[in-house]
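Please look over the sequence and the model before reading on.

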Amino acid sequence: MEQSAPPPYRRIVEEIRRRIDAGELAPGDRVPSTRRITREWGVAMATATKVLTTLRQEGVVQAVPGVGTVVSAPQAGPPDQPQTRARKPARDAPAPERTQREPDGGGLNRHRIVSAAVKVADAEGLRGLSMRRVAAEFGMSSMALYRHVANKDELVLLMADAAFADVTLPVPAPDGWRERMEAGARLQWELYQRHPWLAQYLSLTRPQPMPRAMALVEWTMARVEGMDPVTLIHMALTLLGFVLSTAAGLEDDLEAEQETGMDQEQWMAAMDPVFEGILTSGSYPMYAGIAGIDDDKVNLGTLFDFGLERLLDGMEVLVERRAGGDATVRTP
């Protein structure tokens with residue numbers, strides 16, 4: 001009888017265990033976060049969460065407050081038995097490639113600095129980003145960075161602009177205005193999932209000069225016709241504000257995991273007794289109605305999908321009224 005393939009989460013668990021056994025991840029090293037797992041293996045957040053939960057249950061990793069999920073120290077077995085997994089030699093100092101200045105041929109430049117900073121922010125959030133932290137990626141002092149970037153503010157601006165450069169517009173582009181607006185919103189949403197810090201950085205009230213981001217918004221609104229400039233910009237910023245506010249939860253969750261050492265599933269499990277008491281009180285029938293449902297029914301992704309559709313429904317009323325020459329439509 002042919003043996004069925006293991007479920008996706010199990011394959012990822014085994015790959016992370018392999019990296020630990022091979023010494024690629026040593027005791028105390030951070031293991032891939034749920035977001036990194038979703039990006040690297042192309043799985044859903046629920047699957048990534050199950051991976052880390054399984055590794056914790058098997059004693060392979062542990063949550064460390066203020067650090068995150070790290071490789072556990074191997075448990076010593078009886079003298080006549082080998083340890084359960086290999087350990088690479090203890091590291092009293094950072095790896096050589098980060099403690100030695102690189103040769104001139106591989107020297108620093110603005111592009112390399114920005115790329116390293118993006119990787120740091122993706123893994124640790126903007127709160128964990130500093131000039132010193134980025135310089136550590138090259139085994140250099142922060143002063144080496146200031147020859148190429150004026151300060152952290154300029155660095156983050158360059159990071160944001162570089163992130164938007166990764167957006168690939170669909171070809172052919174949607175012709176309908178609603179389809180174009182939805183496509184533009186989803187491109188932004190996907191970008192913020194890859195870079196959770198980005199939504200927190202962008203501002204509607206104090207926008208930064210970012211031509212690549214502005215070009216994406218222009219593309220998003222290119223098929224809306226019959227609107228005066230003030231109404232059109234209100235439509236664009238309303239859509240942008242919805243995506244940003246929803247995506248802000250991505251960075252919030254990342255920072256919470258860094259501070260507490262608990263991922264979302266662990267935190268919810270810890271809160272279960274408190275919420276159960278509230279839901280069984282009978283005072284909150286709406287909330288009680290969703291008790292026990294799967295996590296994939298209500299999360300940031302479903303909130304984004306639902307909210308985007310309802311927002312576009314409202315925009316459609318406005319567009320149709322303007323197309324029909326309805327003079328009662330109020331201009332902002």
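What share of the contacts in the protein chain with a separation of 6 or more comes from residues 24 or more positions apart? Such residues account for 71% of them, a contact being heavy atoms within 4.5 Å. The model is predicted, so local features need pLDDT of at least 70 and side-chain atom pairs count only at pLDDT 80 or more, while totals for chains, interfaces and linings use all residues. Residues are numbered from 1 along each chain as its sequence is written, and side-chain values use heavy atoms, with hydrogens and water left out.

**Overall make-up**
- The protein chain has 13 helices and two strands, taken as DSSP runs (helices H or I, at least four residues; strands E, at least two) numbered from the N terminus.
- Of its 332 residues, 36% are buried, meaning under 20% relative accessible area with a 1.4 Å probe, protein chains only.

**Nonpolar cores**
- A nonpolar core is a set of buried Ala, Val, Leu, Ile, Met, Phe, Trp, Tyr and Cys residues joined through side-chain atoms within 4.5 Å.
- The largest one has 61 residues, of which M159, F164 and Y192 touch the most other members.
- Helix α10 gives this core its largest share, nine residues.
- Another core, of 16 residues, lies apart from it and includes Y9 and I37.

**T246**
- T246 lies in helix α10, residues 229–260.
- T246 counts as buried because its relative accessibility is 11%.
- Leaving aside residues up to four places away in sequence, T246 touches W189, L300 and F304.

Terms used: Buried means under 20% relative accessible area, exposed over 50%, partly exposed in between (1.4 Å probe, protein chains only).
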